[in-house]
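My entries follow in the order in which I made them.

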Amino acid sequence: MSDAAYLDLSDLTLAYGKTVAVERLDLPIRKGELIALLGPSGCGKTTTMRAITGLLKPASGIITLDGKDITRLPANKREVGLVFQSYALFPHLSVFENVAFGLRLKRLPSTEIVKKVEDGLAMVGLGQFQGRKPAELSGGQQQRVALARSLVMQPKVLLLDEPLSNLDARLRLEMRTELQRVQRESGVTMVFVTHDQNEALALADRIVVMRDGRIEQLGTPEEVYNSPVSRFVADFVGFENIFPVKDGQLQTENGLTELPIPLSAQTTGLAWRPNMVRLGEGRFEGEVLGVAFAGGTREYLLKTPLGPIKAEMDATAPAFAPGSRLAFDLPTERAAVLDRM
Ligand SMILES: Nc1ncnc2c1ncn2[C@@H]1O[C@H](COP(=O)(O)OP(=O)(O)O)[C@@H](O)[C@H]1O
Ligand SMILES: [Mg+2]
């Protein structure tokens, strides 16, 4: 992976008529990188993909790929592959012919086609299914065929738009691992779109959190998970206890609460995951409204002077019953520090 941008979206604005869907997006993507676009439905993920493939002409901005300006290049000249959630396989063609389809259009010699298709199917673990029709495959296998069909074209970038969202939970996990392996082995640069934070965290080298057509945060999975920059990102990655900070104090439902340690001036909020809340001791007191057993942990909902607090504790610790009162703390030193609320 080199540091220079291989696929570079620069000051990209994308619109449908007068509706701006993506605004002034800057996104440099490195060669060999697996980057995830993460965000809620409607934030502009698919629109961004369509601009990269050439299906949507940017209102303004520049897209370069491998040092070449491709902004006005037709889709079929871009060397960009696309896999999306509906597999769009040809039902009447065999697995082999589905994967061979694009290669035949390129009029490659048939020995070369056979070699490429066999390599592609082996890569996704479907070597023995060449003769089957798509209807004779599971959803996960069909998605692998779609993946192989894109890979054999040796695209410079492979775009995957929610490719796993039609699969059941177990298959989704399996395909996640599979995609990661394929990416490592093929070295292809991948842009992966998802609204599922766990998928993005598990797969990506870097995550782009999108909101309303803009980048809210760009960072490694660790950075996004541990150090969200804003309330939006914190909320999206599972911080359930989020408070604004004003004049170095925590703003709660019942006014301001002093913080034990000073905060930098640009801190506008603090956030704690449920497992960062200390239960059983501390400077606050709350009442247990509900407790839910979640396997390794117990999840608590507390009624407190700060407002509702969600906490989580190891299930091996003694349980606090609903109705009981207990001390708790929001350790400032463990909180995520938000720059924007
Ligand atoms: N063909 C279209 N015509 C008009 N507006 C569209 C069209 N496709 C998407 N949009 C709008 O653009 C925004 C981004 O959509 P999209 O990129 O599909 O979001 P995502 O893939 O993140 O769910 C949304 O507000 C959506 O309503
Ligand atoms: Mg979409």
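The entries below go from the conventions to the sheets, then to the helices and single residues.

**Conventions.** I noted that this is a predicted model, in which local features need pLDDT of at least 70 and side-chain atom pairs count only at pLDDT 80 or more, while totals for chains, interfaces and linings use all residues. Residues are numbered from 1 along each chain as its sequence is written, chains are lettered from A and ligands numbered from 1 in the order in which they are written, and side-chain values use heavy atoms, with hydrogens and water left out.

**Six-stranded sheet.** I took helices (H or I, at least four residues) and strands (E, at least two) as DSSP runs, numbered from the N terminus, and counted two strands as paired if DSSP finds at least two bridges between them. On that basis I traced an open sheet of six strands in the order β6-β7-β8-β3-β9-β10, and its pairing is mixed. I marked β6 (80-84) and β10 (214-219) as the edge strands, since each pairs on one side only. The twist from one strand to the next averages 20°, where angles run from 0 to 180 degrees between N-to-C directions and axes are lines fitted to C-alpha atoms, for helices over the stretch in contact.

**Strand β3.** I then followed β3 (residues 34-38), which runs parallel to β8 (residues 189-194) and is joined to that strand by five bridges; in this pair, Ala36 has Phe192 as its bridge partner. Toward β9 (residues 206-211) I found four bridges, again parallel, with Leu37 opposite Val208.

**α4 against α5.** I looked next at how α4 (residues 139-151) meets α5 (residues 169-186): they pack at an angle of about 20°, with their axes 11 Å apart. The two are therefore roughly parallel to each other, a label given to angles under 35 degrees, with over 145 being roughly antiparallel, 65 to 115 roughly perpendicular and the rest oblique. From α4, the residues Gly140, Gln143, Arg144, Leu147 and Leu151 meet Leu171, Glu174, Met175, Glu178, Leu179, Val182 and Ser186 in α5. I sorted the residues of this contact into six nonpolar, three polar and three charged, taking Ala, Val, Leu, Ile, Met, Phe, Trp, Tyr, Cys and Pro as nonpolar, Asp, Glu, Lys and Arg as charged, and the others, Gly among them, as polar.

Why does Gly140 count as buried? Its relative accessibility is 2%, and, leaving aside neighbours within four places in sequence, Gly140 is in contact with Leu167, Leu171 and Met175. I also noted Arg144, which counts as buried at 12% relative accessibility; with the neighbours within four places in sequence left aside, Arg144 is in contact with Val124, Leu126, Glu174, Met175 and Glu178.

**Four-stranded sheet.** My next entry concerns an open sheet of four strands in the order β17-β16-β15-β18, with antiparallel pairing. The edge strands here are β17 (307-314) and β18 (325-329), each pairing on one side only, and neighbouring strands are turned by 50° against each other on average, direction ignored. Eight bridges pair β16 (residues 297-304) with β17 in the antiparallel sense, and Leu301 stands opposite Lys310 of β17.

**Arg273.** Last, I looked up Arg273, which is placed in the loop between β14 (269-272) and β15 (278-294). At 8% relative accessibility, Arg273 counts as buried. Leaving aside neighbours within four places in sequence, I listed Tyr225, Val237, Gly238, Phe239, Glu240 and Asn241 as the contacts of Arg273. Arg273 and Lys57 are 216 residues apart in sequence and 41 Å apart in space, C-alpha to C-alpha.

Key
Contact = heavy atoms within 4.5 Å. Buried < 20%, exposed > 50% of the residue type's maximum accessible area, 1.4 Å probe, protein only.
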